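Dear colleague,

I am handing over the structure below, and after it I have set out what was found. Please read the notes with the structure open beside them.

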Amino acid sequence: MINYSDKNERKLIVRSFAFIGSITTLIMACFAFADNDTLLFIALLTSSMLFISPCFIKRQDYVGGWVVLYTLYALMLFLVFTGGSHGTGPIWIYIVSPVTFFIRGLRKGIVDISLFIFAVIITFVFAEYFDGHVYDSEHLLLRIVLSFIIVALLSGFYEYFRESYSQKLIQLAKNNEILATTDPLTNLPNRRYTVERLYDEKSLSDKSNTSLSIMIIDVDDFKKINDQFGHQVGDCALIHLADTFRRFSTENDIFCRWGGKSFYVYYRKQKLMMQLC
């Protein structure tokens with residue numbers, strides 16, 4: 001499946017597919033019932049119930065995607081085999097490609113669609129030998145299969161470029177986030193990141209009933225270093241100090257450049273303060 005950054009968004013789209021599929025097949029089942037086509041009515045009603053089931057799956061959203069997709073495959077092959085309503089069943093197979101690529105992604109989607117095309121061809125060829133629907137024209141079947149392949153290829157190209165563009169956007173967003181929250185000189189978190197993180201740490205501290213340990217470090221006589229040795233040496237001093245902080249830090253500690261020659265330290269272990277002093 002596609003690795004979406006927002007799982008809630010993906011779950012919403014899968015459930016939208018499920019809801020649309022359920023309503024559509026339910027309406028088709030009503031028409032089949034009106035036409036006294038019992039077998040088609042049962043197949044469509046069963047598919048409708050399977051389509052709606054992902055809306056009630058709260059965990060493991062990929063399971064809901066599989067239910068939607070493979071119910072769709074089974075229903076499409078059934079419509080090809082039986083002809084559906086008045087022999088129009090095969091025209092519904094065109095919806096398979098976009099749904100497959102969304103749920104399975106590009107690589108797995110290509111495999112699934114290739115197997116589906118093979119299954120459709122086999123169903124077309126052998127339907128009449130197993131009391132299936134007998135299609136009047138072989139040219140019609142050939143055109144349906146070829147047009148489906150073309151639609152699948154177009155859907156595949158679209159999915160390829162969509163995934164590539166999506167990955168570029170995700171990477172660009174990550175890079176921008178790093179630039180926005182990192183001090184360019186020391187590569188420590190900057191003031192903006194620390195303020196946001198502090199709110200989270202305060203919430204955790206309140207829930208766990210623990211206190212926060214915060215320390216502000218200011219470099220004495222830093223102006224003299226810049227005046228006597230130059231700003232480049234002053235920058236090197238700040239970088240060296242930042243590297244020193246990193247050696248004693250853990251993933252739970254926050255070291256940041258608060259601004260200028262000031263650094264902000266948040267830590268959870270008293271041992272850390274003793275190491276720094």
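**What was found**

The domain assignment divides the chain into domain 1, covering 4-176, and domain 2, covering 191-270. Please keep in mind that this is a predicted model. Taken over C-alpha atoms, the centres of domain 1 and domain 2 are separated by 55 Å.

Turning to the aromatic rings, the count comes to 11 aromatic pairs. One of them joins Phe-245 and Phe-263, whose ring centres are 5.3 Å apart and whose planes meet at 70 degrees, so this pair is edge-to-face, given that planes over 60 degrees apart fall in that class. The pair links distant parts of the chain, since Phe-245 belongs to helix 8 (residues 231-248) while Phe-263 belongs to strand 3 (residues 262-267), 18 residues apart. Are these two residues, Phe-245 and Phe-263, buried or exposed? Phe-245 has a relative accessible area of 4% and is therefore buried, and Phe-263, at 0% relative accessibility, counts as buried as well; the cut-off for buried is under 20%.

Elsewhere, Tyr-70, Tyr-73, Tyr-94, Phe-116 and Phe-148 form one aromatic cluster.

On the surface there is a nonpolar patch made of Phe-118, Ile-121, Ile-122, Val-125, Phe-126, Tyr-129 and Phe-130, which together have about 740 Å² of accessible area. One of its members, Phe-118, lies in helix 4 (residues 96-126), and because its relative accessible area is 54%, Phe-118 is classed as exposed, the cut-off for that class being over 50%.

Key. Residues are numbered from 1 along each chain as its sequence is written. This is a predicted model: local features need pLDDT of at least 70, side-chain atom pairs count only at pLDDT 80 or more; totals for chains, interfaces and linings use all residues. Side-chain values use heavy atoms; hydrogens and water are left out. Domain bounds come from an automatic or database domain assignment. Rings of Phe, Tyr and Trp (its six-membered ring) pair if their centres lie within 6.5 Å; planes under 30 degrees apart count as stacked, over 60 as edge-to-face and the rest as tilted. Helices (H or I, at least four residues) and strands (E, at least two) are DSSP runs, numbered from the N terminus. Buried means under 20% relative accessible area, exposed over 50%, partly exposed in between (1.4 Å probe, protein chains only). Patches are made of residues with over 30% relative accessible area and no salt bridge: like charges are joined within 9 Å, nonpolar side chains (Val, Leu, Ile, Met, Phe, Trp, Tyr) within 5 Å. Accessible areas come from the Shrake-Rupley method with a 1.4 Å probe; for residues, only the protein chains shown count as cover. A salt bridge is a side-chain nitrogen of Lys or Arg within 4 Å of a carboxyl oxygen of Asp or Glu.
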